[in-house]
Amino acid sequence: MTNFAAGIFHGPESALAAAGTLKGAGYTTPELMSPVPIEGVEEVLGEKKSVIKTFTLMGGILGGTFGFLLAAGTAVLYLHPTGGRPIITIPPFLIITYEMTILFGILFTVLGFFISARLPVIRERVYLPESAVDKFVVTVACADDEHFKRAEAILRDAGAEQVREVTEEA
Amino acid sequence: MNVSIVPALKALIPAALVVAVVLLGLVVGFWANAAFYPGTSPEQPIAFSHKIHAGENEIPCMYCHTQARRSISAGVPSVSKCMGCHNEVATQRPQIRKLKNYWENKEPIPWIKVHDLPDFVHFTHKRHIAAGIECQTCHGPVETMDQIRLTDAAPMEMGLCLNCHKQKEVANGLDCWTCHK
Amino acid sequence: MPNIDRRDFIKLVGAGSVGVGAGFMLRETIKHPTEQLIPHVIAPEDFSTGIATWYNTVCSMCAAGCGISVRTREGRAKKIEGNPSHPVSQGRLCALGQAGLQVLYNPDRLTGPLMQTGQRGSGSFAQVTWQEGLDKVADRLELLTAENQGNRIGLLSQGVRGHLAQLFELFADQLGSERLLHYDFDHPHTLYAANHRFFGEARLPYYDLKNTRYLLSFGADYLGNWISPVHHSLGFGHSRQGRSDVRGRFVQIEPRMSMSGAAADEWISAKPGTEGILALGLAHRIVSEGHYSGVDRDDWTTALSGYTTDQVAEQTGVGADTIRRIADTFVHTEPSLAIGGGSAANHSNGVDTLVAVNALNYLVANIGKPGGLVFNPEPAGPASQDRQASYRTMLELAEDAKQGNIEILILNGTNPVFSLPSAGFEEALAEIPLIVSLSSFMDETTALADIILPSHTYLESWGDDFPEPGVGFSIGSVSQPVVSPLYNTRATGDIVLQLAKQAGLSDAIPWSSMKDFIKDGWRLIYDRGGLDTQKESFESFWRSILKAGVWGEKTHRDPAFTLDKRVINSIAVPPPEFSGSSDAYPFILHPYVSTTLHDGHAANLPWMQELPDPMTSVVYGSWVEINPATAGQMNLKEGDLVDIESPHGQIRAPVYVYPAIMPGVIAMPIGQGHVTYGRYANRGVNPIEILSPRVDQRTGALASSATRVKIKATGRRIELVKTGGNSRELGREIVQTTGGKASQGHSAKLNSIPITVVPT
Amino acid sequence: MPEAKELQYADIHRDVVRSIVETGPKYYITLGTAIFVTLLCFFFPWFYQLYYGIGAAGLNHPQVWGTYLASFIFWIGLSHSGTLLSCVLHLTNSSWRKAMYRSAEAMTLFSLVVAFTFVMVHLGRPWFIHWSLPYPNQMEMWPNFRSPLLFDVMAITTYLTGSAIFIYMGSIPDFAAVRDRTIGWRNTMYTLLSLGWRGTDREWHRLHWAYTFLAVLIIPLAVSVHSIVSWDFALSIVPALHQTIFAPYFVVGAIYSGTAGIVTVMFILRKYMDFGQYITKVHFDNLGKLLLVLSLIWTYINMVELFTGWYSGASTEHEALQYKLFGYYAPLYWEMILFCAVAPLLCISKRFRTSFVPMLILSIAVNIGMYTERFLIVGTSLSRQYLPDAWGLYVPSLVELSIILGSFALFSTFFLIFVKIFPSVSMYEVKETMSTPKTEPEAPPEGNPA
Amino acid sequence: MSILDRIADGWRKYRKPGYYDEFDYHWGMTVDLDRCTGCEACVTACQSENNLPIVGEKAFAEGREVKWIRIERYWEGEFPDVKLRFIPMLCQHCDSAPCETVCPVSATYHNQDGLNTQVYNRCIGTRSCAVYCPYEVRYFNFYDHHWDSPLDQQLNPDVTVREKGVMEKCTFCIQRIRQAKDVAKDDGRRRVRDGEVQPACVQTCPTQALVFGDRKDPESQVSKLMNNPRTYRVLDELNTDSSVVYLKKVEDDHA
């Protein structure tokens, strides 16, 4: 069970500023919740390495290999010569390879997205529904009341319209 | 406020349970039909036992299924053939009386096909007998069966044919037109 | 795990049951239906399951008498093929012959004896037993015979040969009836008559197409349905490309291109009915150019003086150059052969035309030579040509019936109500108190019968045949049942024998079955035979015939022949006469026997109905063929329905624009227009209905091509059912050809290219 | 935004959520009609055809392919603008895409589904369609990967998967937004659909990347899909079908008809879902320009096709060409030229492009023309092949016409259900285009947007 | 043999055009157009041998007839110099068959006898093979065909009756070929003799225009005819490498 301080902001700039301040004050990385993506988060909260592109690449390579092996392998498993062509015909099999490359690329991208974005959310996480509409929310984990008070102050200073204490159930 | 998909998943459990039970039932029903009403071991007009004839008395298959070695079909013995023995043997048993009725009324016995291939499969007994294939390879251990049925060992499916043709490296044995024409 | 209370539990049980039920039913619906093995009570000797048995027998689909082999499996006939050892068919068979299976398995077959219960023609029949049916007929027969009124019994059969014909003879004789007639629409009466006049015998010679190098055909569709199409086709193929050094050439003279015309190297359209004049024109050219040097040369010169090339060109519409060229080629190519028949013979001058054709053969001395015309020996078995009724004879029969001179008419397979034009045959039948039909099908005549005693089809019955014409030597073949009868029918011969027995004629006709009768007949042939055959016993002879399906005597006739001078002196072909004036009826109707449906008796066979007409590709229907120019003038297109009116009636049919027909002629196939003949046959129109009753004066044969008609557009149209999309090649070189001349320098191996070089 | 009153985040939210949860009788009547028409005109004739055989359609020899295949291409074509356009515009960062792309992508998805049903309708034995998929079985049989039809199977499966994932990924934040405003089964559904999305900076960041990668992957995929569909024809040796230009021709045609389809759908959304504030003249203006360009390219390729056919001098090509231009189906050909090559020239005028009703009429005309094009490709070429004796004529049967009509109802049914589940305007992307909220967010705008 | 060698071996084997080193038999047919009279005996023979349906007038009018061999007819010229040329058209059993590649489920392929197979029970009815075939000799079952009883008793038990939704075409009477091979095996022969097997159409052809045999056997009648200078293939420009070879009709213009 963890308590969080959640500051609700009108605009992204102030929320971002608050998050920056919190981070500077030694809090574990505060989270920003917003109805739209906010630009410049990385400058404030630091670079985020995405693994998605690796996944996409791996998926593509895997898919391509699978596609060609699928086409060529099944052709060899039960021989049905057609049209005076070889059993392993390159151009048509390349098309299958191509499609499989893309299919696996897509699937792995999604997988990468889920993993890196930590979706779907199994464990209960703090959330303020306002952030889906038009509010910008900064949450930060607070170990005890004192931490909370400090955080509240920082948030209010940054222009939070409201600061709430929310609890994340285990 | 917190968010998680778990409560939503929990809310779905009753519905999922119903679906799962229906699917399970489907499988059970499907299986039950096959197990208890298979149509592959039907009640024959006369309860002829291969176990007695082929098993205990060791009558060779082709004594009755005379055509197997020269025709595409193995053939069933004519009533006269049955009567050939049963004029003398076991004449008083109820099943034999049935047989006698057919014979006296000059009616053929409407045996029901057990090893029934679809019409698009043209199997030839002759070639397989000539190649020395045991009857039991495809028909299962009929000499142990009181009532003829399909067995799992020989399910009479295409895979069975293909595997054997592959193993024995039958010339053109994998050409579809070998069986389907 | 959620708590499951009782309601939930019941719900789940319900869901499970639904699932089980659905799964059960699913399996049930995808199951194969159970099949039964039905063994025999006693295993038959002559077949085993899964193994085909072949029987040799005789085709009865037309008068050619081809030998056939029938493939049977599990006691059912599956396929008919030509019998390879039979000299007529030599293992080959035409479409019609193959379709014989559908005679056997026709869904519209009569399945048992019937008795008319309502008005004649009402189609209300009641099933009766054979005994009832036979009794009724036999009683009347017995009564009439006893009263010496036997001649009041009429027997009208389709053309049959062999021992069935003999049985009919015997039967009629014992009944005391002289009214035994065979009637076929397309029987070549004029050909028999012309041969009788020219050669002095009323039998057909063998036309040796196989060895000929130049064939002139005057109207005879020898590849389609003239006399023996399969045998002619064999000859045609061999003549064309079967010899390494020579390629036979074929010329067809007819107003509307037939199949033979399409196969020919040259197709010439002479005015309808002037084919004989053209033949004499050719003869004139041959004689006047000095190519004929027989002793009777002067007689010929005199007789042919009226047929100079220019006169003939004028009368026939064939160019003088063409006449000269053909005549010269005909003389210079050895052997050459002229045949005539079909439409050329179906005119008022039919016999004269065919005599003129024979004269051509005489003038090039190809009589008795290979590649020419070979005389057949006497047939080994009974023949029936003299019983063949011409149109005139049939009119007389009708007249007799109207006079009340006929009390019983027994019909066997013939259908005069359908195939006799303007004869009033239907009215005549109304005057006959008892009509009995032995037909296997409800044809138009059978529909008027009082009692129907349905026959087996030829594949179920015993019979035999002595093909006429033979193949230059004497042959005979026995037909045997290849399947057990499908229905409660009996073989024609057996019915006749049974009637004879019941009518008290068993002293003269003691046989109990047709098989015995035939066997006894063949015993005579066996006894007559030389040492060759008598080496074996009759039984083994008989078995070997049944096995081979054919028996032959390699005896050839003496080819010598002298021509009576009177024939030469009387040789002349009068211009054809037509009914109807050319002003009121501008077109000459050219009805032709359909290649697929024959004279209509094959119209109930679905394979034949669905077989595209060879020339037009039309199926399932009637049509009228019109020259493209004529159609253009009349603003007619394919499918336009027109009324075709002759002085004798009117029919309606769609137009087919036919590129190879003369402008003043329209053609229609005979064969459709049935009304009671079954589900496949009842369609189209029957052009016989509007034919004029004009006959060839010498024979009384119907001059079926002598009707004039007019056509009137109805303004309505239908889509002709046919296969052909576009009948022009558009330069795509699908059917490639090679020219005779052009290819000579082409390759060293051009053996099969014609080498017949003719000075012109 | 050219609207008088500036929109707020909350307005969008409210409008979109309202479009999902507030359902009037008009919607139910429409949905009911659509389902009824689908059953009556699509499924009933189809089941009849399953029972009776493909003979229920007007197909014959040599015309063994007909409207079913034409419809298949048409629907595949219609699918081509949604996701493809959306991807292109996403990568080029065009702001006008944002209000319309969701429904455009839905169009893709449902067109593909309808196209797949046409595959089923087209097959002689659809109950064995699984044989065209590679899976181990006791028959030891595999599909033939050399077949252009199998390219189709692979490409369309991939495209369908890709499109579904793409539209879903783009909708996750919106699902989350709707989730908070709903209760009961909807809440459960949206909770699951949104996967617990919270809109954190990490999630946004990852979504952006994944979304961009998907867009990059889908563009070549979409191009390949219609190329492959064209190869069903172009890899044959049927005169007038084995053309190298077919792949670009089909791709352009697909985008063309898809764009026209988007115009139609935009109009309907705007009119009946009260999205007038989000779907504006700007969209129609841009789509109009796109239509014009595509129409010109399409006309060009069409002319090239005719020219090369004519110039070949081959009898077969000539005949096929002549049949197309002057044969039985010539009126349809000229109708197609009028609708697809001439009518879109109106888009030169800006006034035309920004008028809603004329654009709707044009878009429908273009799609009728494009359907005709597909029909002519299948319908005229096969009936004039190499052997003139085997030429034939094909006239669609009532069953076919009914199934075509029914397919539109089927599509509408899908779409009607879609608008009630998916936020049909992408909320967060529209929000992105707006200025961030003012400090007085509590003052809602007066009245409902027009 | 190492794995790599085996892969290389397989690669060579499976990369060979047409796959087969050599056909077991190479069945072929010649059609002498100079002999063909268009009598259509072959059409009926095929219909009765191969259980071709009777489709009825309506279906025929709709173009749904099934004729594995058909006679095409082409008129040339105008009256009176008019000719009608016939050409029997049947599956050409092309060695480079356009129809084979397109089947998604391998229901049609080339077997080791050089035959273009059609496996009815595998067919799912895409009809694309019929589109790809330039000879238009593939026929589709638009319905379940029906034989009015007792016409069904004629059906050949060696040939499957096709159900609705599948494609069918000429098989060179594969049931007869198999039968002949069976007989040869019984006799202890390795090969079928020339002339021992004939498809129904060839068997019946009254003018002997059709000849069938093994093209691999140089002594067979068909091989000899294929050396005839009159030979050509229909639509040869499409490089289908067909097994049915036509012999040109001779037209010598009244020479």
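**Helix α5 of chain D**

Most of α5(D) is covered, with 26 of its 32 residues buried (under 20% relative accessible area, with a 1.4 Å probe and protein chains only). The helix, a DSSP run of H or I with at least four residues, numbered from the N terminus, covers residues 148–179 of chain D. From first C-alpha to last, α5(D) reaches 44 Å, close to the expected 46 Å, which is 1.5 Å times one less than the number of residues.

At Ile172(D) the helix α5(D) bends by about 45°, and Pro173(D) follows within four residues. The bend is the angle between axes fitted to the seven residues ending at a residue and the seven starting there.

**Basis of the model**

This is a predicted model, in which local features need pLDDT of at least 70 and side-chain atom pairs count only at pLDDT 80 or more, while totals for chains, interfaces and linings use all residues. Residues are numbered from 1 along each chain, chains are lettered from A in the order written, and side-chain values use heavy atoms, without hydrogens or water.

**The interface of chains C and E**

Of the 9 pairs of chains in contact (heavy atoms within 4.5 Å), chains C and E share the most contacts. Here 90 residues of chain C are in contact with 71 residues of chain E.

The rule finds 9 salt bridges across this interface, each a side-chain nitrogen of Lys or Arg within 4 Å of a carboxyl oxygen of Asp or Glu. One salt bridge joins the side chains of Arg240(C) and Asp34(E), at 3.4 Å from N to O. Helix α7 of chain C (residues 229–242) gives the most to the side touching chain E, with 9 residues.

How values were computed: Helices (H or I, at least four residues) and strands (E, at least two) are DSSP runs, numbered from the N terminus. Buried means under 20% relative accessible area, exposed over 50%, partly exposed in between (1.4 Å probe, protein chains only).
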